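Subject: Structure handover

Hello,

Here is the structure I promised to pass on. Please open it beside this email and follow along.

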Amino acid sequence: MATKEQVLAELARLELPDGRSLVSADMVRALTVEGGAVRFVIEAPSPEAAAKMEPIRAAAVDMVQALSGVSSASAVLTAHGAQAAAKAPPKLSIGGHPDPKRKDIRPKGVARVIAVGSGKGGVGKSTVSVNLAVALARAGQRVGILDADFYGPSQPRMLGVTGRPGQSPDGRIMPPQAHGLKMMSLGLMVDEKQAVVWRGPMLMGAVQQMLADVDWGELDVLIIDLPPGTGDVQLTLGQQKVLDGAVIVSTPQDVALIDARKAIDMFEKLKVPVMGLVENMSLYICPQCGHEAHLFGHGGVGLEAERLGAPLLAQIPIDLETRLGGDAGTPIAAGETAAAQIYADLAQKLL
Ligand SMILES: Nc1ncnc2c1ncn2[C@@H]1O[C@H](COP(=O)(O)OP(=O)(O)OP(=O)(O)O)[C@@H](O)[C@H]1O
């Protein structure tokens with residue numbers, strides 16, 4: 001069986017026009033080797049560079065395929081959003097009341113829209129959203145993530161995307177790409193201080209624009225990272241029949257669970273199927289001695305899932321690497337740790 005190191009060593013032999021290799025130019029992302037099947041993402045510095053790199057991608061796949069112990073190889077070419085952003089600042093402005101004439105805001109090319117919600121803030125909803133999105137992309141899905149947590153947009157930081165998105169020739173917003181995902185966030189369009197004073201109609205207008213005015217293209221799934229609670233954004237998305245399902249994140253702590261119940265009730269009233277619950281910060285395993293501590297209680301989310309007849313989709317421990325990855329713009333699910341495996345399993349369950 002080939003190892004990741006052997007694959008990287010092989011890719012390091014493939015020379016780019018500037019003399020560097022895919023490895024020395026730090027373009028290889030999300031490399032996985034599973035039972036002889038090798039998958040990776042080549043992240044180009046800009047969409048223009050990516051457009052010229054198809055022959056490199058094909059050559060890289062051929063080289064890896066020829067390695068002994070490799071049964072199949074595939075690579076996806078993406079472009080990093082930040083550079084693209086610098087070249088094409090959008091003229092489109094976000095903000096303003098929703099257009100009542102615009103009824104159907106669900107993006108046409110998107111097969112499924114899944115919301116990730118929570119009752120209470122700070123339970124890890126954005127962390128779960130982005131890592132689930134990355135895990136789905138690693139499982140071969142075409143995935144987008146819409147950061148609709150307008151009061152605290154964290155996806156740009158969690159995915160390491162800065163700068164403003166580009167604009168397509170027909171005037172739509174081009175979502176930046178990172179870690180194999182298309183991403184859009186109000187945090188890329190307006191000053192954070194501006195958005196926090198927005199109320200109902202402004203938020204609904206922004207939701208409408210970020211779904212309908214963004215060129216999401218063809219996607220298998222769009223994950224929406226909701227604001228915490230049961231506010232205007234949730235109502236707009238539910239009433240306008242945008243959502244196919246919702247995943248609820250909670251910690252096992254009672255105060256979080258009480259609020260999670262309210263979020264679940266709201267989705268039920270809106271006739272959005274609750275696909276399951278995720279227990280985040282489920283336990284802490286001491287890296288020194290292996291002792292398990294249930295800092296926020298134990299089992300509460302599982303009991304709630306049972307009461308609802310909805311699956312408990314995952315139990316995610318408190319993990320330093322998860323927090324560090326989130327702060328550094330490298331979601332933990334893009335790596336090979338135990339936490340990454342939990343997200344891969346969560347993605348499989350949802351698939
Ligand atoms: N399993 C985990 N292990 C360690 N840290 C975590 C875990 N889940 C989330 N965090 C950290 O907790 C903090 C809050 O997480 P996050 O922003 O995802 O929560 P949220 O519910 O989206 O919050 P908000 O209500 O502000 O939108 C972040 O610093 C994140 O890195």
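Which residues does K125 touch, not counting residues up to four places away in sequence? They are V116, G117, S118, D225, P228 and V249. Two residues touch, or are in contact, if their C-beta atoms, placed from the backbone, lie within 7 Å.

Two notes before the rest. Residues are numbered from 1 along each chain as its sequence is written. The model is predicted, so local features need pLDDT of at least 70 and side-chain atom pairs count only at pLDDT 80 or more, while totals for chains, interfaces and linings use all residues.

**The ligand and its surroundings**

K125 sits in helix α5. Helices (H or I, at least four residues) and strands (E, at least two) are DSSP runs, numbered from the N terminus. K125 counts as buried because it has 28 C-beta neighbours inside 10 Å. The cut-offs are these: a residue is buried if 20 or more other C-beta atoms lie within 10 Å of its own, exposed if 12 or fewer, and partly exposed in between, with C-beta atoms placed from the backbone.

K125 is also one of the closest residues to the ligand, along with G121, G124, S126 and T127. In total, 20 residues surround the ligand. To count as near, a residue needs its C-beta atom, placed from the backbone, within 6 Å of the molecule. Four elements each supply at least two residues of this shell: α5 (125–138), β12 (274–285), β14 (312–318) and α12 (320–328). By class, the shell has 11 polar, 5 nonpolar and 4 charged residues. Here Ala, Val, Leu, Ile, Met, Phe, Trp, Tyr, Cys and Pro count as nonpolar, Asp, Glu, Lys and Arg as charged, and the others, Gly among them, as polar.

UniProt positions are given in the numbering used here, feature names are shortened, and annotations may be inferred rather than shown by experiment.

Take G119 from that list. G119 lies in the loop between β4 (110–117) and α5. Is G119 buried or exposed? G119 is buried, because 24 C-beta neighbours fall inside 10 Å. Beyond four places in sequence, the contacts of G119 include P228, G229, S250 and D259.

The protein chain is divided into domain 1 (4–79) and domain 2 (92–350). These bounds come from an automatic or database domain assignment. The contact takes 7 residues from domain 1 and 5 residues from domain 2. On the domain 1 side, β1 (28–34) and β3 (72–79) each give two or more residues. That side divides into 4 nonpolar, 2 polar and 1 charged. The C-alpha centres of the two domains lie 29 Å apart.

UniProt, again in an unreviewed entry, places "domain: MIP18 family-like" at residues 4–74. Over that stretch the chain is 37% helix and 25% strand. Its end C-alpha atoms are 14 Å apart.

Now the largest nonpolar core, with 100 residues. Such a core is a set of buried Ala, Val, Leu, Ile, Met, Phe, Trp, Tyr and Cys residues joined through C-beta atoms within 7 Å. I42, L132, A133, I223, I224, Y343 and L346 touch the most other members. Why does this core lie between domain 1 and domain 2? Both domains give residues to it, so it lies between them. A133 touches V143, I145, L181 and I223, leaving out residues up to four places away in sequence.

**Single residues to look up**

- M184 is in strand β9 (residues 181–185). M184 is buried, with 31 other C-beta atoms within 10 Å. The C-alpha atoms of M184 and I145 are 6.5 Å apart, although 39 residues separate them along the chain.
- R39 is in strand β2 (residues 37–44). R39 counts as partly exposed, with 18 C-beta neighbours inside 10 Å.

Last, some backbone angles. Most residues other than glycine have a negative phi. K271 has a positive phi of about 60 degrees, and K271 is not a glycine. K271 is exposed, with 10 C-beta neighbours inside 10 Å. M281 also has a positive phi, near 55 degrees. M281 is in strand β12 and is buried, with 24 other C-beta atoms within 10 Å.

Best wishes
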